[in-house]
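Me: I have not looked at this structure before. Could you take me through it step by step?
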Amino acid sequence: MEVTSEYTSHLFTIIYLIGSPLCFQVLAQANSTTFGDKCNHTTIMEGPIRTPKAIANCSILSINGTADYRYTLLNGSYNGIQIFRISEVGVVYQESEVDREKVSYFLIFIYVTSSDGKNSSVQLNIFVDDINDNPPVIFGNNTLPSISLSHIMGQSSIEFQIMAQDIDSGENSILEYTLTYTQHYINGLADVVSFLINVSDNGEPPLSTVAFKELYIMNGRCPVQKHTVNASSGVITSLFLCNVMLVSNKTGPLSSSNKTGPLLSNSSGLFEGDNVTMYCLYISNVDILSFKFINNNKIATASTNPFLIIMNVTIFDGGTYKCEIESSIGKVLSDDYYLLVQGK
Ligand SMILES: [Ca+2]
Ligand SMILES: [Ca+2]
């Protein structure tokens, strides 16, 4: 009977080796034993599972084949949900779905005790592989910080970056930016450029999000524009060709006598000894730095206000006047105005 029993035991050992190559380990003759390297780690995929799935075989077989073994598992739950369990024969199952973006690694412990008093344990490292289950997320406000025209006069380029993140890993989190649409419109004194940027990850299949951003250019007109986006960094480079918005009235300074009221260039009401004020008329939406009144091609006065007051005019004050307006974005020169002073 004893021979028969040993024969049966060894036959069972051979079948078990073929059918269960993972984690097979002969229980040592000592009071404890170790599991093999193959029961140290495994990898599972995040996401839902339909039925419990075997992920590791941590069985132990006695060379005697006479003892009964009891397997238990520690740390098989997460947030009150049982994720892993171990079967009566030492196979570890995944019972519930896992989210790699919450837990990317589990460490569980397998304990085995035998009816003949032997026991052992092993730690099983479970790594979670990523699936592409998160689209990119765009950060920041839709409206970008406004830009003043005085900073981008003429042909200038502006750079700003679309900030986005994808919480998946690897290719599933690598982003690609594509400029899909731009629109330019005028809102009061501002030029507004709106952008639609497609942000896509490199997953299979890819997931994407559309970013909407608006750029306000204050106090200006910038009709010629070209926009490009760097596919990997999300940096948008906008090239503008902006117009000067400083407008002279182009009729020259206007003048008024303190006696006769406004003078026209062909009027004849200003006499020696009168006081006269000339105005430099202009329209501007940028800061004016200075006004120069130029009389007979010589600078008569330079000032930060648009007035030229001449007290007790003489005939030598007569002649052509023009004003030059200098702003933060350049200069304009008015047409000539002829000031006629008549002798008494
Ligand atoms: Ca993703
Ligand atoms: Ca993921």
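Reply: Let us begin with a term: two residues are in contact if their C-beta atoms, placed from the backbone, lie within 7 Å. Among the contacts in the chain with a separation of 6 or more, 67% are accounted for by residues 24 or more positions apart. This is a predicted model, in which local features need pLDDT of at least 70 and side-chain atom pairs count only at pLDDT 80 or more, while totals for chains, interfaces and linings use all residues. Residues are numbered from 1 along each chain as its sequence is written, and chains are lettered from A and ligands numbered from 1 in the order in which they are written.

Me: What is the mean pLDDT of the chain?
Reply: The mean is 78, and 74% of the residues reach 70 or more; pLDDT is the predictor's confidence in each residue, from 0 to 100.

Me: And where does pLDDT stay under 50?
Reply: One such stretch is residues 1-34, for which the model has 46 contacts beyond four places in sequence. Another is residues 244-252, with 34 contacts of that kind. Where pLDDT is low, the predicted coordinates should not be read in detail.

Me: Changing topic, how many helices and strands does the chain have?
Reply: There are 1 helix and 32 strands. Helices (H or I, at least four residues) and strands (E, at least two) are DSSP runs, numbered from the N terminus.

Me: Which strands make up the open sheet of 4 strands?
Reply: The order is β14-β19-β18-β17, with mixed pairing. The edge strands are β14 (147-148) and β17, each of which pairs on one side only. Two strands pair if DSSP finds at least two bridges between them.

Me: How do β17 and β18 run?
Reply: Strand β17 (residues 175-187) and strand β18 (residues 190-201) run antiparallel and are joined by 12 bridges. One of the residue pairs is L179 with its bridge partner I197 in β18. The two strands form a hairpin with 2 residues between them, and G188 in the turn has a positive phi of about 65°.

Me: Is N297 buried or exposed?
Reply: N297 is exposed, because it has 8 other C-beta atoms within 10 Å. Its place is in the loop between β27 (288-295) and β28 (298-303), and its phi is also positive, near 70°.

Me: How many of the residues are buried, then?
Reply: Of the 344 residues of the chain, 26% count as buried.

Me: Which residues touch the most other members of the largest nonpolar core?
Reply: They are C58, V92, I110 and L124, in a core of 19 residues. A nonpolar core is a set of buried Ala, Val, Leu, Ile, Met, Phe, Trp, Tyr and Cys residues joined through C-beta atoms within 7 Å.

Technical notes. A residue is buried if 20 or more other C-beta atoms lie within 10 Å of its own, exposed if 12 or fewer, and partly exposed in between; C-beta atoms are placed from the backbone.
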